[in-house]
Amino acid sequence: MNIPEATDANAAGPADATDETDVDRSGELSGVARTSPVGRLAATVERLRREVRAAQAEADGRALIELAKGILVERLGCGPAQAARQLTELAEQAKVPQLQLAVEIINQAAHDRLSEVTSTFLAVATEPAPKDDAPAVRLRAAESGALAADDTQAVADSLLQHALTPLGAVAVAIWAADADGSLSLAGSAGFSAAEARRWRYVPPGVATMARRALSERTAQWASSLSGTGLPSIGHAAHPDGGRVAVPAGSGGRIHGVLEIAWPSALEPQPPQVVRQVEALAELCSHTLETHTLPGEGHDVRGTNDVSELIDLVDGLHDPALVLVPHLDDQGRLADFRIRHVNGRFLDPAGRPRGTVHGALLLEAYPMVAGDSDLFQCVERVYATGETFRARRMDLTALVDQVPVSAVADINVSRHGGTVLLIWRIEDETARLASLLQHAQRLGRIGGFEENLLTGEIIWNDTLFDLYGRSPSGAPVALEDLPAHAHPDDAVAIGRFLRTVLHHRRPATAAFRLQRPDGVTRHIRMVAEPVLDADDQLFVVRGAYQDISAQHWTEVALAVTRDQLAHTEQQAHERNRLTLQLQHAIMPPTQAPLRAPGLEVAVRYRPAETEQLVGGDWYDAVVLPSGLVLLCVGDVAGHGIEAATSMVVLRNALRGLAVTGAGPGQLLSWLNIVAHHLTGGVTATAVCGIYDPRRRVLRWARAGHLPPVLVRDAEANPLPLLKGILLGAVPEATFEEDEVQLAVHDTLLMYTDGLIERRDRSVEVSLRQLLNAARTTSRTLDHQLDRLLTYSRSDTDDDTCIVGIQVA
C-alpha cells in the first residue's frame, strides 16, 4: 500500500503546513506540533511509514534467509531445521547479522552479476548503510523483490528503493518495447503521476534516450540529459541531471529499456557500476517478458509454439525460413536454428531442403555474417522486433569451399519467440534474358537463326514486327531477302549474301526493307556463319536493326549543316562589307589635321570581334569660315544598320556645319535627321566649333560623355550640359557652353568604348581615364596612342578619340 507524503503537493497548503521550527533534525515533531491536530496526523503518517518499511524489510529478509537455508541444505546434505541452526551459529561466530551472512552465502553460490558488483556498490554509495542493511543485502533484496513482483511497477519501486537510491539516483522508468518500435511506460518510481501519464506511450520514430538505447542495442550514458538534446520522462524536473538507458533483455532478445535519472550531472562510472546497472536491466527483462502491452489481447512474447507460424509459412508463395534462437551455455544468443523451410524454398547453392532444415544459420550459410550483414539484420529484428526489408541484397553461400553468389529481396520479421526470414532469389539467367529482350525492343533489333540443312528459321518477335508480319506467319529465308528489299539495293544485298554463304565470313549490309503495308524501313543487317565439326556451313545467325530514325536524323542533320554553312557564309560576307564601309569612311589611322594655332589628332579602334561592328564615328574638319568642326558620336546597335546610320549622321553634320550655326543648333537639326530620316535611329554625340583666332571652343552634347580638358598636368571633365540623345524625340534643344583655351591646353573627345567596363560604374572608369590623361606625353599623337594602349575597357566595343592641342 502506498502512503502519501505529508508534504505532498496535493495536501500542502497554508492550513496544514508545519513550520520548520516545529520539527527537529531527526524528523520528530516538537511538543507543540505533536499536540496540534495536524501534528497528530503527521505523526500517525510517519509511524505508519516506518511500519511499512519495516514490514517490507522483514519480508525481503525472510526470503533471503530462506534462500540461504536452501543452499545450506543442498551443500551440507542436512534438513531445514539443522540448516537454520547452522546459519544462526555461523552468524554468531562471525559477529554479523544473520541477514548479511545469508546474502554472502547466496553470492558465493550464485557467482552472477550481483555478486560481482556488491563490493563496488559500497564504495560508490552516496548514503552510508547501517550494519543490518549492507550493500549486498540491498542488492539481493532488490533482486528478490523484482523476481517476486507480479508487475513492472513493483519492480521499479524495488529497484529504486534497494539498489539505486544508494547510488544517488532519484527516479527510474521501465519501458516495454513493441515490435513496431514504440515504447510503453510499464513502470516508474520517483517521477510524478502527471509525468508518468504524459509519457505512458512513445510512438515509433520519436527520438528519446530509451529509443536510442533500443535502436543501438547498447547502454546510453549521459552526464546530463540536456547535453543529449533528446527529450525523456522527467526532463523538466532534472534537465541537467545524469541519465542512463540500458536495453533490458536476455538471450539476445530485448523486451524493453531500463532508464535511471540522477538529480545532477553524472561523472563517469567504474566498470563494476556499469555491470551492476546492466544486471538490474536483466532483472527487469524477466518481468517485461510476460508484460502485456496496451491493446494486446494475449501475451505472445514468450511463446515457443511455432506450429501456427509453420502453417502460415507453408502457404506463402515466396521461399521462407523459420528461425528459432540458439543460446550458448551462458544464455547468450549465439546463432539461429533453421526450424522449418517451406516448399518454395530455394537454396542459393542448390542444395536439397533436407540438408538445410534443422541446421544452424551460420553453419548452413557462413557468409551471411560477411559483407551482406544479413545475420546482424536477423539478430536486430529478434532483439527489437522491428521488421527489416531490403531489395536486391547480395547473398553468398559457402558450400564445399566454393562461393556461390545470389541476389535476393529480403524480409525479416519477428513472431513471438521466432524469426521469419523470406528471401526471393533472383534468377540471373531469367533477368539477363529479360534485359536482352528489353534492349532488343528499345534498339529495334530483331534476331534470327537459319539452319541451311533443315530449312528451319527462328525469328524473335521484334523481327516479325520489323517485317510487318504476324508472329504466326512464316519467316523469310535469306535467299528470299532481295524480293523484300528496294530494287536499288539488290547489288548490296547480293554482295552480303555471297560473303556469308559462299566465303563463309561475317558481313553487314544496309538496305531499304519494303513491307507489305507499303512502309519502307531503313535496315542495317549483320550475320555470321556457323560451321560444324567438318568445317561445313550449316547455320547462319544474325540480327536486323531498324535505323530509319537514325537515317532521317542524318539526312536532317546534313540539311541543317548545309543551311548553317550558308548562313555563316552570308554573315561573314555581311561583316566584311560592313568593315569595308566603316574603314572607307573612318580608317583606323589618319594623318594629323593641322589648323592655324591648333594641332588635331584622331584615333579609331574597331571592335575586336567582327560580329560586333558598331556605329562609333568621329570628324575633324576645317570649315570654309576658318572654324574647326570637332565631333564624336555613337549609334546604338551593331552591324551594317549601325554602320550605315553612322554614315548618314556624320555626313549630315558636315553639311549642316557649313551654315555657320552653333553646336547646339547643329545637334537640334541632327536630332530631326535621326528621328525622321533614318528609320528611328538613336545615337549620342558631342559637337564642338573651335575658333582659332580667339582660342574659344563652343560645344554641346546629346547624351554623350563630356570632353576632358588637360591643363598644367591636371585633367578634369567639362561641365555636364543638358542634352538628350539623338532620335529619342521629334524635336529637342541642346545647351551650349564656351571654353577659353590657353596655349598647351589639350582637349579630348571620346566614345564610351574607351572606358566602359562590365564590373564597375562609369564614374570609376572616368576617374581612371583622368589619371591616365594627366601623364604628360611628347606629342599629341603619342598621348592618344597611350590612352588606347592602357584603356581598361572590356566590352570589345568600337572606340573613337579626337584630341586638340593649342599651339
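This report walks through a few sheets, helices, aromatic rings and salt bridges in the structure above.

The model is predicted: local features need pLDDT of at least 70, side-chain atom pairs count only at pLDDT 80 or more, and totals for chains, interfaces and linings use all residues. Residues are numbered from 1 along each chain as its sequence is written, and side-chain values use heavy atoms, with hydrogens and water left out.

**The six-stranded sheet**

Let's start with an open, antiparallel sheet whose six strands come in the order E3-E2-E1-E6-E5-E4. Strands here are DSSP runs of E with at least two residues, helices are runs of H or I with at least four, and both are numbered from the N terminus. Two strands count as paired if DSSP finds at least two bridges between them. At the edges sit E3 (201-202) and E4 (220-222), each pairing on one side only.

Strand E1 (residues 171-177) is largely enclosed by the rest of the structure, because seven of its seven residues are buried. Buried means under 20% relative accessible area, exposed means over 50%, and partly exposed is in between (1.4 Å probe, protein chains only). Ala171, Ala173, Trp175 and Ala177 point one way from E1, while Val172, Ile174 and Ala176 point the other way.

On one side, E1 runs antiparallel to E6 (residues 253-261), joined by six bridges, and Trp175 has Val257 of E6 as its bridge partner. E1 also has six bridges to E2 (residues 183-189), again antiparallel, with Ile174 standing opposite Gly187. The hairpin of E1 and E2 has five residues between the strands, and there Gly181 takes a positive phi near 90 degrees.

Gln220 has its bridge partner in E5 at Ala245.

Helix H9 (residues 209-216) is another enclosed element: six of its eight residues are buried. Those six are Met209, Ala210, Arg211, Ala213, Leu214 and Ser215. Just after H9, Arg217 takes a positive phi of about 60 degrees.

**Around Tyr467**

The structure has six aromatic pairs. Rings of Phe, Tyr and Trp (its six-membered ring) pair if their centres lie within 6.5 Å; planes under 30 degrees apart are stacked, over 60 edge-to-face, and the rest tilted. Tyr467 and Tyr544 make an edge-to-face pair, because their planes are at 75 degrees, with ring centres 5.6 Å apart. This pair links distant parts of the chain, with Tyr467 in helix H17 (residues 461-467) and Tyr544 in strand E16 (residues 537-546), 77 residues apart. Tyr467 is buried at 2% relative accessible area, and Tyr544 is buried at 3%.

Leu513 sits in strand E14 (residues 507-514) and is buried, with a relative accessible area of 1%. From Leu513 to Arg524 is eleven residues in sequence and 9.8 Å in space, C-alpha to C-alpha.

**Salt bridges**

A search of the whole structure turns up 16 salt bridges, each a side-chain nitrogen of Lys or Arg within 4 Å of a carboxyl oxygen of Asp or Glu. Here are some of them:

| Pair | N to O distance |
|---|---|
| Arg541 and Glu528 | 3.1 Å |
| Arg654 and Asp619 | 2.6 Å |
| Arg693 and Asp691 | 4.0 Å |

Arg541 is in strand E16 and Glu528 in strand E15 (residues 520-531), 13 residues apart. Arg541 is partly exposed at 39%, and Glu528 is partly exposed at 35%. Arg654 lies in helix H20 (residues 640-657) and Asp619 in strand E19 (residues 614-622), so their pair ties together parts that are 35 residues apart in sequence. Arg654 is partly exposed at 35%, whereas Asp619 is buried at 2%. For the remaining pair in the table, Arg693 is exposed at 67%, but Asp691 is buried at 9%. Elsewhere, Arg603, Asp781 and Asp785 are linked in a network of salt bridges.
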